[in-house]
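Subject: Structure handover

Hello,

Here is the structure for you to look over. My notes on what was found follow below it.

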Amino acid sequence: MTMACGVFICVALVPASLAFADPTDCSIGDTRTGACVNATVDGGTVTLSDSSTKPGTNVPQIPTVNDGVFAAPPKPVGSHDLPPGYRDGYGVTGPLTLSDLASFTPTAGTDHMQPNGWAVIGVSTNFYAEVSTQVQDGTLLGEPASVRFTPKAFHWNYGDGTVVTRSTKGGTWAAQGITDFDPTATSHVYRAKGDYTITLTIDFGAEYRYAGGDWIAVAGTLAVPANPLSTTAGDAKTVLVSKDCLANPSGPGC
Amino acid sequence: MRIIALMALTLLLTGCVPSDPVVTPVPVPSATPLFATDADALKAAEDAYAAYENQLDADFATYDTSELAKFASAEALAKAKTAVEKFKSDGQRQSGSTVISKFQPEDMSSLTNARESASPASFYSCLDFTGVNVTDAAGNSVVRSGGRQYSMEVSLVWNAPLRKLLVSSEEVWSGKSVC
């Protein structure tokens with residue numbers, strides 16, 4: 001991803017290679033081929049469910065030959081309990097319905113911040129998410145079923161009373177080709193000293209594909225929390241680092 | 001004395017006769033609903049929906065959607081034509097018939113309330129495709145093992161020129177199953 005930046009506004013440019021064809025709703029043509037299944041969103045999980053009914057048979061079995069004598073097959077135990085319309089043990093079966101379901105959960109994204117674990121009051125702290133479109137595969141009634149999760153929105157709670165929703169996951173200062181502490185589309189400026197906990201929830205859209213059909217949109221979105229972050233905000237002179245950052249570059253404040 | 005009497009008569013006449021003509025309200029028949037009873041409305045809607053499904057079955061078999069506008073309008077018509085076109089481009093063809101195994105009202109007040117007659121009425125249906133087969137260009141069936149019954153949400157709207165109900169939208173219903 002590249003950023004086209006003006007004085008105040010940065011626009012995220014998504015390479016065409018990352019774009020997918022828009023999923024369609026389940027069409028009346030899809031219903032005729034059985035390409036649609038029931039797809040529901042419950043919290044952070046998409047569940048696909050379907051049932052298949054095999055018709056019964058009414059072909060009587062040929063009596064078996066036993067030592068030259070025709071004999072009817074033995075009557076199964078408990079056959080008198082079968083519901084009306086079902087005959088037993090003589091080659092006549094009722095319809096058989098198989099139900100199946102498959103659940104799919106997207107892998108949670110990861111929240112990052114720059115600088116890592118500290119912030120300078122009055123200048124930008126950069127937050128970004130590590131997440132991408134993911135396809136998960138499974139089976140439903142023996143047929144291949146896949147669900148594709150696409151991150152759509154990013155809800156950051158910066159812990160100081162500021163809650164924002166962004167349409168971009170952001171990126172590091174280096175990846176965006178800008179200088180450290182420059183504002184980004186996902187940065188935040190703390191105005192007061194303190195310790196803050198930052199939370200991120202990512203909304204995923206979902207589509208499913210069943211038995212090699214087209215992608216079909218699932219109604220609703222999945223809100224999946226990412227890892228929380230902690231930061232200490234102070235002015236530049238009072239921010240402490242843990243040990244020597246050259247010796248321990250991943251330590252707090254480094 | 002005669003002058004006074006004449007003036008009194010004049011006043012009497014001009015004062016008692018209203019200057020504007022009397023307007024007597026003409027009884028206007030109240031707007032009549034499309035259907036007198038819920039049962040009539042439901043029957044008409046189900047018949048219209050069945051005719052639409054019959055036409056769809058024919059269109060997916062012949063790729064000819066020229067008759068579909070007699071049974072569908074708006075979004076339903078556009079989506080049906082697109083779906084039939086996709087069947088044609090994929091070389092798929094339907095045989096057999098769709099069965100409406102259930103049909104029940106969601107909100108059909110527009111059919112029995114005159115003031116809402118321009119609004120669509122909505123219904124739930126269960127479509128059974130057990131008797132439908134779809135083959136590809138080579139004649140092989142492309143029907144999956146599952147997905148032979150679908151719950152649908154259907155809207156129908158009154159078409160005044162045709163004096164009949166047309167299906168205006170039909171979507172797979174993802175809520176509680178109707179089937």
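Phe181(A) is partly exposed, at 32% relative accessible area, whereas Trp118(A) counts as buried at 16%. This is a predicted model, so please read what follows as computed from it. Over all chains there are 12 aromatic pairs. In one of them, the ring centres of Trp118(A) and Phe181(A) are 6.3 Å apart and the planes stand at 50°, so the pair is tilted. Trp118(A) belongs to strand S9 (residues 118–120) of chain A, and Phe181(A) to the loop between strand S13 (163–166) and strand S14 (187–189) of chain A, so the pair ties together parts that are 63 residues apart in sequence.

Two further items involve rings. In chain B, a cluster linked by ring pairs is made up of Tyr49(B), Tyr52(B), Phe103(B) and Phe123(B). In chain A, the charged end of Arg148(A) sits over the ring of Trp215(A), at 4.4 Å from its centre.

Next, the nonpolar core. The largest one has 74 residues, and the residues with the most contacts inside it are Leu48(A), Trp156(A), Tyr208(A), Tyr52(B) and Leu156(B). Strand S15 (residues 194–210) of chain A gives the largest share of this core, eight residues. Leaving aside neighbours within four places in sequence, Leu156(B) is in contact with residues including Tyr49(B), Phe103(B) and Phe123(B), which are also members of the ring cluster. Other contacts of Leu156(B), counted in that way, include Ala45(B), Pro120(B), Leu165(B) and Val167(B).

On the interface: chain B and chain A bury about 1800 Å² between them, with 54% of it on carbon and sulfur atoms. Arg144(B), Ser145(B) and Tyr150(B) supply 34% of the area that chain B buries against chain A, more than any other three residues. The contact takes 28 residues from chain B and 22 residues from chain A. Two salt bridges are found across the interface. Glu53(B) and Arg32(A) form a salt bridge, at 3.6 Å from N to O.

The search of the whole structure gives nine salt bridges over all chains. The ones I noted in chain B are as follows.

- Asp47(B) and Lys43(B) have their closest N and O atoms 2.8 Å apart. They are four residues apart in helix H2 (residues 38–62) of chain B, and so are separated by about one helical turn. Asp47(B) is partly exposed, at 40%.
- Lys79(B) and Glu171(B) have their closest N and O atoms 2.7 Å apart. Lys79(B) is in helix H3 (residues 74–90) and Glu171(B) in strand S6 (residues 164–172), both of chain B, so the pair ties together parts that are 92 residues apart in sequence. Lys79(B) is partly exposed at 37%, and Glu171(B) is partly exposed at 22%.
- Asp90(B) and Lys86(B) meet at 2.8 Å, N to O. These two are four residues apart in helix H3 of chain B, about one helical turn. Asp90(B) is partly exposed at 37%, as is Lys86(B) at 38%.

Salt bridges that share partners also join Arg32(A), Glu53(B) and Asp57(B) into one network.

Last, His155(A). It lies in strand S12 (residues 143–157) of chain A and is partly exposed, with 26% relative accessible area. Beyond its neighbours within four places in sequence, His155(A) is in contact with Val164(A), Thr165(A), Thr199(A), Leu200(A), Thr201(A) and Asp203(A). The C-alpha atoms of His155(A) and Ser167(A) are separated by 8.9 Å, the two residues being 12 apart along the chain.

Regards

Technical notes: Residues numbered from 1 in each chain as written. Chains lettered and ligands numbered in written order. Predicted model: local features only at pLDDT ≥ 70, side-chain atom pairs only at ≥ 80, totals over all residues. Heavy atoms only, no water. Phe/Tyr/Trp six-rings, centres within 6.5 Å; stacked < 30°, edge-to-face > 60°. Buried < 20%, exposed > 50% of the residue type's maximum accessible area, 1.4 Å probe, protein only. Lys NZ or Arg CZ within 6 Å of the ring centre and 35° of its normal. Core = buried A, V, L, I, M, F, W, Y, C linked by side-chain atoms within 4.5 Å. Contact = heavy atoms within 4.5 Å. Buried area = accessible area lost by both parts, 1.4 Å probe. Salt bridge = Lys/Arg side-chain N within 4 Å of Asp/Glu carboxyl O.
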